[in-house]
Amino acid sequence: MKNFLKEKKFKRLKIVEQIIIVLFLAVIVPLVISAVIINNINQHAVRNELRYSALIISESIASNIETFFQTGKDELDGIILSLKYIKSDYAKEVYLKDILLNSEVFESFDIVDIKEGGAFNYGIGIINYDETSGTVEVIEKINENQLLKAKVNLELFDDKVFNIYRKDDRQIYVLNSKKQLISSHNYNKEDYNRVVYALPKTLKTNVPVIFGKVKNQPLSYFKLAKPEIIVIVNTTSQITKTTINTPRFKIISALIFTALFIFIVVLLYTYYLYINIRQLFKGIMALSKGNYKRKIRLLTNVFSPYEIIFLAIEFNKMVDEINNSYRQLKQKNRELKKLDEFRANLVDTVSHEFRTPLTSIKGYTSRLLRQDINLDEEMKQKSLKIIKNQTERLSRMVEDLLVIPDIEGAKLNLNIEPVNLFDLVNDSILSVKNKDLREFCSSIEESFPQILADRDRLEQIFINLIENAYKYSYENSTVTVDASVQNSKAVITVSNSADYISPEILNKLFGKFIRVDDKTTRTTRGTGLGLFIVKGLVLAMNGTIELSSTTDNKFIVTLKFPIA
């Protein structure tokens, strides 16, 4: 059984076979489904539009008829009112002739004697259609003995009723209450008989109604109560052909043409894709067998996809890079060596700089704890003062080391606010003023404008700068802090007397663990991180910093901060 299953194991299809299956499932089938859906949606939408327009036309025609006959009725009411006061028949005829000259609705007036004509031969107040003469008449009662018969001007009637629908292909029929044809537009006898036969026996009044059994050829009627008129609108087969059948044929034809075009393009694309993929297979097989010089050569044309070309280019690059891997490994080793040197420098600097304050703290603490000697108050105060100074120094070095990751990662949490520069600089000077053989001078006035900065970080900046100025300045020299306002910015300088430093060295002083004196000539203490931290804090507070050294032995640090 297992052997049978192995023999009948599903065979994986090639890429060409898969593309053909995908083409059929993803293109041909959706196109057929889309054709059916689009055709049905289009047919349904057009059918609704035909139904809606038929209702609108029937209602509009009925409104025009109602307006026309209302105008005629108003005219007849005025004529009848006048005739009641005219006694002579001759005078009545003269009056009607005068009225006829200015009448737009009627083309003739006749007075009929009820006794002679018989009142039952006429429908009073009803629109009558004379099939013999093909005329439309309106009958109104003048008095107990006479009727007024007015013949409607059918040319004017047609013009008023069908004026805006002259170019419409629909058939419009106007019937009286006896379902006699009064007027029509695009008359066709066969269609007219079919429409009248399909008209419901019971009709709704003053509302457009759709009737008929053919969905794509909707019929609509509108029955007026006064006058009793029925308007029928017929959608002909020609309209259905133009609006539904022809678009349906065009949609299906377009989809068939699209499917054929897609099929041909995909076949060409598949052919060239298959050739190029074969080239990729050959290159990979050669590489797996140890031939690192075998490169891929594709058959490129408009059908060559970007990804295949990209893979071929990258594959060829990979072959070249394999031969250069040893050189790259050596480069990585050199980089690792530099990182190791950096780590060793950090350990050496931290261990050296931390050892001095810790030794002082340990020594003076041990002195204060000894019971075998008596220390006077002055000696105790001096020891405690040294312990305090060394503790503060150790704390500042720890703070400097902790702030480096925040500076490099741009993660400093700053509280930017207006800062009084006069108070801050004086506090910073007091923090380091206990140094011997140095004078500290600040020319900043108490009225100097406030600047925008983080007060704690700004104090850290000035303490670092003032300590640097103290460490590297001449004995018995003065460290000066000045400030001025230039272009809406506070310009602050910290200067001291020191040996001239070349521009090449100045550009390096903002680096980590960079010192003016090296390990062999080092005479001052420090981690070499001061200026690196100062620059990072200044830039984080939207300020700038510059270093300068003059030939007359002046070292100047210039800071610029925005005015609050």
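1. The largest nonpolar core has 45 residues. Leu421, Leu458, Ile461, Phe462 and Leu559 have the most contacts inside this core. Helix 12, residues 455-471, gives the most to the core, with seven residues. A nonpolar core here is a set of buried Ala, Val, Leu, Ile, Met, Phe, Trp, Tyr and Cys residues joined through side-chain atoms within 4.5 Å. Buried means under 20% relative accessible area, exposed over 50%, and partly exposed in between (1.4 Å probe, protein chains only).

2. A second, separate core has 34 residues. Phe69, Leu96, Ile182 and Val231 are among them.

3. On the basis of the model: it is predicted, local features need pLDDT of at least 70, side-chain atom pairs count only at pLDDT 80 or more, and totals for chains, interfaces and linings use all residues. Residues are numbered from 1 along each chain as its sequence is written, and side-chain values use heavy atoms, with hydrogens and water left out.

4. What does leucine 559 touch, residues up to four places away in sequence not counted? The list is Ile461, Phe462, Leu465, Ala490, Val491, Ile492, Val538, Thr544 and Ile545. Contact means heavy atoms within 4.5 Å.

5. The structure holds six aromatic pairs. In one, the ring centres of tyrosine 187 and tyrosine 192 are 5.8 Å apart and the planes stand at 45 degrees, so the pair is tilted. Rings of Phe, Tyr and Trp (its six-membered ring) pair if their centres lie within 6.5 Å; planes under 30 degrees apart count as stacked, over 60 as edge-to-face and the rest as tilted. Tyr173, Tyr187 and Tyr192 form one aromatic cluster.

6. Tyrosine 187 counts as partly exposed because its relative accessibility is 43%. Tyrosine 192, at 12%, counts as buried.

7. Asparagine 234 lies in strand 9, residues 229-234. Is this residue buried or exposed? Asparagine 234 has 1% relative accessibility, so it counts as buried. Beyond its neighbours within four places in sequence, asparagine 234 is in contact with Arg170, Gln171, Asp191, Arg194, Val195, Pro218 and Leu219.

8. Chain totals follow. The protein chain has 14 helices and 16 strands. Helices (H or I, at least four residues) and strands (E, at least two) are DSSP runs, numbered from the N terminus. Of the 564 residues in the chain, 36% are buried. Among contacts with a separation of 6 or more, 63% join residues 24 or more positions apart.
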